[in-house]
Amino acid sequence: MNVEETYDIVIIGAGHAGCEAALAAARLGFETIMFTVSMDSVALMPCNPNIGGSSKGHLVREIDALGGEMGKNIDKTYIQSKMLNVSKGPAVHSLRAQADKVEYTKQMRLTLMREPHLTLRQAEVTELLTEEVVGGSAGNNDTEKSSSSNGEIHRRVTGVKTYSGAVYHAKAVVLCTGVYLKARCIYGDTIYETGPNGLMAATGLSASLEASGVHLRRFKTGTPPRIDKKSVDFSKMAEQKGDEHIQPFSFTNKEEDIWREQISCWLTYTNEETHQVIKDNIDRSPLYSGVIHGTGPRYCPSIEDKIMKFPDKDRHQLFLEPEGEFTDEMYLDGMSSSMPEDVQYRMVHSVPGLEHAKIVRPAYAIEYDCISATSLKPSLESKVVDGLFSAGQMNGSSGYEEAGAQGLIAGINAARLLSGKEPVVLSRADGYIGVLIDDLVTKETAEPYRMMTSRAEYRLLLRQDNADLRLTDIGHEIGLIDDARYELFSKKREIITSEIERLKNTFVGANKHLQEFLEEKGSMPIATRVSLADILKRPEMSYNDIVSLGKLADQVYGKNNGQAEEGESCEGGFGGEIEIPEELDRNEIVRQIEIQIKYEGYIDRQHAQVEHMRKLEEKKIPQDIDYSEVRNLRIEARQKLEKIRPESIGQASRISGVSPADISMLMLYLKN
């Protein structure tokens, strides 16, 4: 008598990973159903309601370049936008936007519900349905051979069952459970068996996953108290305004499309009194009393961790940030905690500007079940159960952006599995998404993983400004970038390429009028014939300066008579004002021209490094290799290789505990 339905793909969880996975699968034409314990948790931001930030901004722009939704949604719903690290090089420039928390959820939910091939269902999934097979696959044809099978008996997903007993048949399932699996929220001695924000936890699925051979572990994260804006004295804080000029996250938008009035954030600091309150009550912290068993994030620690681990610091930054346009709740970024409620009040009241603050929601830590992503293939499909994919915090990562990136790839690859196509696997040279997933599936993460620019060895190539140039071709080939968008992108790329070529092949000499122009710009005079590109390489020169210099050269030499001083070239004119369709963002194009010319030497050097590593990635390792037969492998290396089962020599070389000598022995074995 129970409900029984059939879909192509099931998505478990409707957080940032689930949203991207569901949209990708549905937009690729597969009937998809997404389950959530509450419709109120769709694209929820239970922690800080912001998107982007250092390295995370790169991920969001890459999601957009591949055809994902996160960038478009934050462009619709931001209340403050800021480009970080602008005093540093373009490789680490990172866009960050504060979102209207409620509006972000509302807009994403609306997008999901309007997707033709996507069904949303509020229900708790309690059981993963699988079957034993020999050979088979989760693909369209049951006689197809599985990439993970060599005639051995293994498991394959067939669907899921909910708490009510309803059965949903499917050929692929994507786990995007976030922090909901057997979740419990903790502050002091207060423990709730719930998910974030008091939403229901998912208590039944963990046992089913383990019964299917999926090993689970316990991680924890936390969130700070929310403060009532009316009780804050802003005169004791430093105002933090957004940028005057807005950089969109989505390459489909321009500044004028999304510009709006912004809301300020505020900066204050902890002090000795704050630190003393924490030290005096550290024995009451669940982190130190043994109540919390899960491992927390190294790079987003609780305030009590900061105080105890960095005793030499006399203060820590706190940012008071609005949670939305139509609420007085404010997020106290930097004071994540699991201290008892009374201690939280004393901590907050010790901070300048918060002496009389009222706490709307206390801070809490949350523990949850997740997996080690080393049990996944680079496609994010399980090595244990065919057709089972996993993304987001379920994989031991932290952050909305990391979750969205994994969800997008998992949704794409679930669809490609059913289509009989090869999975999409981005390399470390393709994007931060490639770095993120490779780190997760190759390296053991003993704590929640957070993306950072320092993790990317080719970060000068993987800038946020060129994410579309790197990934839009792939997004179009997958089918998530439509022809109209791709045509416009191709026009942009053509303009950038041709203009760079023109600047490299247009030369000027040491004419006195040009020398005077350079002197006005604080630039050294030229002693001999030089290209406009070489002049642009000077730090003080911008592309607009080069355009002005070219126009001046036209006046000096005569644009139409083709005459110039000996050794100079003015064919077609020096100015060469580029024509840019109004659908394209001129600022984006100019930025690309400047960066590619100014950093050309460094970029070429990184391309050479990428080519060397690519050769190692192309050396594939048979999946049925018996590492016990590889002579002279150290025991640790043999154990790690057997556990991870890397797909290439390149991936094997990045496994912790596998030395260059081990790689040499492995390559010798494969050669022989």
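**Labels and their grounds**

Mentor: Start with histidine 58, which sits in helix H2 (residues 56-66). Keep in mind that this is a predicted model.

Trainee: Why is histidine 58 called buried?

Mentor: Its relative accessible area is 0%. Buried means under 20%. Histidine 58 therefore counts as buried.

Trainee: Which residues does histidine 58 touch, leaving out those up to four places away in sequence?

Mentor: Ala91, Val92, His93, Ser94, Tyr432, Thr453, Leu462, Arg463 and Gln464.

Trainee: What stands out about phi of serine 55?

Mentor: Phi is near 70 degrees, a positive value, and the residue is not glycine. Serine 55 lies in the loop between strand E4 (50-52) and H2. At 0% relative accessibility, serine 55 is under the 20% limit, so it is buried.

Trainee: Why is strand E17 (residues 265-269) described as largely enclosed by the rest of the structure?

Mentor: Four of its five residues are buried, so the description holds.

Trainee: How do you know that E16 (residues 238-240) and E17 pair?

Mentor: Three bridges join them, in the antiparallel sense. Pairing needs at least two bridges, so E16 and E17 qualify. Glutamate 239 stands opposite tryptophan 266 in E17.

Trainee: How many bridges join E17 to strand E18 (residues 317-322)?

Mentor: Four, and the two strands run antiparallel. Here tyrosine 269 stands opposite glutamine 317 in E18.

Trainee: What makes glutamate 5 and arginine 121 a salt bridge?

Mentor: Their side chains meet at 3.6 Å, N to O. The cut-off is 4 Å, so the pair counts. Glutamate 5 is in strand E1 (residues 4-6) and arginine 121 in strand E7 (residues 118-122), so the bridge ties together parts 116 residues apart in sequence.

Trainee: Why is glutamate 5 called partly exposed?

Mentor: Its relative accessibility is 24%.

Trainee: Are aspartate 228 and lysine 230 buried or exposed?

Mentor: Aspartate 228 has a relative accessible area of 15%, under 20%, so it is buried. Lysine 230 stands at 65%, over 50%, so it is exposed.

Trainee: How many salt bridges does a search of the whole structure find?

Mentor: It finds 49.

How values were computed
Residues are numbered from 1 along each chain as its sequence is written. This is a predicted model: local features need pLDDT of at least 70, side-chain atom pairs count only at pLDDT 80 or more; totals for chains, interfaces and linings use all residues. Side-chain values use heavy atoms; hydrogens and water are left out. Buried means under 20% relative accessible area, exposed over 50%, partly exposed in between (1.4 Å probe, protein chains only). Contact means heavy atoms within 4.5 Å.
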